[in-house]
Amino acid sequence: MKNLAVIYHSAHGNTQRIAHLVTEGAASVPGVRVQLLRAEDLVEHPEQLLAFDGFVFGSPTYLGGVSGTFKSFMDATGRLWKTHALKGKLASGFTVSALPSGDKQSTLISMFVFAMQHGMYWVGNAILPEQHRGVPVEEAANRLGSWSGLMAQAGHSAPGGRGFAPGDLKTARLFGENIAKALVCVSCASEVAAA
Ligand SMILES: Cc1cc2nc3c(=O)[nH]c(=O)nc-3n(C[C@H](O)[C@H](O)[C@H](O)COP(=O)(O)O)c2cc1C
């Protein structure tokens, strides 16, 4: 059994909704046990991360980067970095923002660099945008065209996760499922890296 943690921060419920869907998708894959964790609950004891084989990181985009709460979680892992204790684990990430772009890319890049500094394996979002094969754009998986990680757009006026296009909800489930499948595949590679 492989253990996957979905670690997120959400102030107004949008990122939380996506985190739940990612978890649901990942939990549908046999051989993977998934836990949903709040970034703020890991700051005191980041060594809890050692129990997992892989992570999905999730943060709202704040001013083109991760939220302060999510950054505090990242910084709390500094002492694990010193011994490369997380080396060889799988990592991936998602972000939610109000605008179609909203500079979400730089949020994913900071998660990617964080994972690379820890020696993790980054998995992207290998889903072709479904609008290219005739699915209405609002319902299309990966309608925002993000491959480095998952992006979702919450809109301005609907906190609590009620403002998403159906396509973003579908992408989140598929993304979780794909990460869990990748975790099953990459497990032998991480055993080599850890040796
Ligand atoms: C301080 C702050 C900065 C934000 N910066 C951005 C931004 O750079 N781009 C964007 O599209 N939305 C931005 N937003 C909107 C949030 O990303 C959006 O409301 C998101 O859904 C919040 O996630 P949550 O509901 O999980 O807290 C910002 C919101 C706040 C409070």
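The legends below describe views of a predicted model of a protein chain with a ligand.

Residues are numbered from 1 along each chain as its sequence is written, and side-chain values use heavy atoms, with hydrogens and water left out. Local features need pLDDT of at least 70 and side-chain atom pairs pLDDT 80 or more, whereas totals for chains, interfaces and linings use all residues.

**View 1. The fold of the protein chain.** Five helices and seven strands make up the protein chain, in the order β-α-β-β-β-α-α-β-α-β-β-α. Helices (H or I, at least four residues) and strands (E, at least two) are DSSP runs, numbered from the N terminus. The C-alpha trace spans about 50 × 30 × 25 Å along its principal axes.

**View 2. The shell around the ligand.** The ligand is surrounded by 17 residues (a heavy atom within 4 Å); Ser10, Ala11, Thr15, Thr61 and Leu63 are the closest. By class, eight are nonpolar, nine polar and none charged; Ala, Val, Leu, Ile, Met, Phe, Trp, Tyr, Cys and Pro count as nonpolar, Asp, Glu, Lys and Arg as charged, and the others, Gly among them, as polar. Strand S3 gives the largest share, three residues.

View 3. Polar contacts here are pairs of N or O atoms within 3.5 Å. A backbone N or O atom lies 2.9 Å from a ligand oxygen atom in Asn14 and 3.5 Å from one in Val96. For Leu99, a polar backbone atom is 3.0 Å from an oxygen atom of the ligand. The protein buries 76% of the 640 Å² that the ligand exposes when taken alone (Shrake-Rupley method, 1.4 Å probe).

Conventions. A polar contact is a pair of N or O atoms within 3.5 Å; within protein, one must be able to donate a hydrogen and the other to accept it, and residues adjacent in sequence count only if both atoms are side-chain atoms.
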